[in-house]
Amino acid sequence: MIWGIVRRKITSAQVIGQSVSKIGPRCRATAQKEAILTCRGFQRVQRSSYHILSGNYVCSTPRSEVIELIQKGSFIGSRSRLFSSDSGDLVDAVVPFMGESITDGTLAKFLKQPGDRVEMDEPIAQIETDKVTIDVASPQAGVIQKLIAKEGETVEPGAKIAVISKSGEGVAQAAPAEKAAAQPPPAEEKPSVEKQTPESEAAPAVKDKTPSEPPPTAKKPTSPPSKPMASEPQLPPKDRERRVPMTRLRKRVATRLKDSQNTFALLTTFNEVDMTNLMKLRSDYKDAFLEKHGVKLGLMSGFVKAAVSALQHQPVVNAVIDGDDIIYRDYIDISFAVGTKKGLVVPVIRNSERMNFAEIEKEISTLAKKANDGSISIDEMAGGTFTISNGGVYGSLLSTPIINPPQSAILGMHSIVNRPMVVGGNVVPRPMMYIALTYDHRLIDGREAVFFLRRIKDIVEDPRRLLLDI
């Protein structure tokens, strides 16, 4: 089902009479109005100077349903998705609805250029927002006739960015004209070069006369200039530097992390975990797990289950400060950080407390794949009550993670290193991992933070605790 704002000019009383005959209870009358329609076969409705009775609406088919009206200058709860406008052979590709919290985006790049053939729903451009990169899909199959917007411009939902010709005739005629227009400049440059050559030849003749008078100037300043040059700082040349504008995602990450540092009373506590039993569990059952569930058994699901248990034992870590109140959340949505080429994104595993190991692994695999290929949606990153960041995949031995607002704590995992440990009075090599918990000390005391991290350590070192709930 496609949601969209559609417009069509109503020009005669006959059309109004036909439109008023289809009446629904959920609309309001305006002198200039727009209707949000949802239907399979619809026509576009534009501004009208006629008045329509309260409770009436305009629709092209009996199956269409008018949801709301938009009065010019005021917006009434839009949940629509803007789509292309069609005028005969030409179709306008417009910026789609990007989410309730996103009002604009940056046109990152065009995937197609004028003259390129496109199919319906094929991406023709990418729009970068504060959270995700959104593709602009072609509304019809055809040929790109021209690009209206430019890369780097800020665009809003509904803005036209390209014109598509269904038949491709307009583009075929324009192509030779563009080629002909591109040919004259080289012809104009040739005479200019010819005109410059005599001047360049005349210049040496002038220089030949001047050398006869240099003896006084040659004796004057040889040593004095060297003194100021020696005192001048040697700066790197500007041609070895590059200035690149920040992407919207990078700006957003920078702002949020700095706000976290300025708002929270950040404190980090550490512990170390013996990974022997969890790694043995994975080694013993990884083949059977893959055969039954179709997904590999990793270590991340074990830490998610351990975090869920720790959050249930220390619910204050799952809470958040809101003004003068504390909001305790009775659900657990675990966010996990994924580093992509475009920046850091944090997908959310919803209702983690209801999932088993297989469901968690499948969700992690799906969300991580979407994050890396840029197809993850805003809804899949919204919310989250607690975050897990695994710097160990990059080789980090120890770090102090920063809280992801509006959460109150974050768990940092690190690399596994074999270290000598005392076990049963003997020194033996063990695969050890440092874990860190950064928390908001305004809400969480050191006692709760240490107990939380200790609970994670106990479960990871002995996963049987999850079965017995101890």
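Modeller: Here are a few labels, each set against its value. Keep in mind that this is a predicted model.

Colleague: What does the protein chain hold overall?
Modeller: There are 470 residues, and 37% of them count as buried. The chain has 11 helices and 23 strands.

Colleague: Why is Ser 165 called buried?
Modeller: Buried means under 20% relative accessible area. Ser 165 has 0%, so Ser 165 is buried. Ser 165 lies in strand β12, residues 160–165.

Colleague: What makes the pair Ser 165 and Asp 89 a polar contact?
Modeller: The cut-off for the N or O pair is 3.5 Å. The side chains of Ser 165 and Asp 89 are joined at 2.8 Å, so the distance is within the cut-off.

Colleague: How do you know that the length of α7 agrees with a helix?
Modeller: Helix α7 has 18 residues, 276–293. At 1.5 Å a residue, α7 should span 26 Å. The end C-alpha atoms are 24 Å apart, which agrees.

Colleague: Where does α7 bend, and by how much?
Modeller: The bend is at Tyr 285, by about 55°. After α7 comes Gly 294, with a positive phi near 75°.

Colleague: How does the span of α9 compare with the expected value?
Modeller: Helix α9, residues 357–373, has 17 residues. The expected value is 24 Å, and α9 reaches 25 Å from its first C-alpha to its last, which is close. At its start, a side-chain oxygen of Asn 356 comes to within 3.2 Å of the backbone nitrogen of Ala 358. Gly 374 follows α9, and its phi is positive too, near 80°.

Colleague: Which residues of α9 are buried?
Modeller: Among them are Ile 360, Ile 364, Leu 367 and Ala 371. An α-helix has 3.6 residues a turn, so residues three or four places apart point the same way. The buried residues of α9 pack against elements including α7, α8 and β16.

Colleague: Which residues touch the most other members of the largest nonpolar core?
Modeller: They are Ile 161, Phe 303, Phe 386, Ile 388 and Ile 456, in a core of 68 residues. Helix α8, residues 300–313, gives the most to this core, with 8 residues.

Colleague: What does Ile 456 touch, leaving out residues up to four places away in sequence?
Modeller: Ile 456 touches Phe 303, Ala 306, Ala 307, Ala 310, Leu 411 and Ile 435.

Definitions and conventions
Residues numbered from 1 in each chain as written. Predicted model: local features only at pLDDT ≥ 70, side-chain atom pairs only at ≥ 80, totals over all residues. Heavy atoms only, no water. Helix = DSSP H or I, 4+ residues; strand = E, 2+ residues; numbered from the N terminus. Buried < 20%, exposed > 50% of the residue type's maximum accessible area, 1.4 Å probe, protein only. Expected span 1.5 Å × (residues − 1). Bend = angle between axes of the 7 residues up to and from the residue. Core = buried A, V, L, I, M, F, W, Y, C linked by side-chain atoms within 4.5 Å. Contact = heavy atoms within 4.5 Å. Polar contact = N/O pair within 3.5 Å; in protein donor to acceptor, adjacent residues only side chain to side chain.
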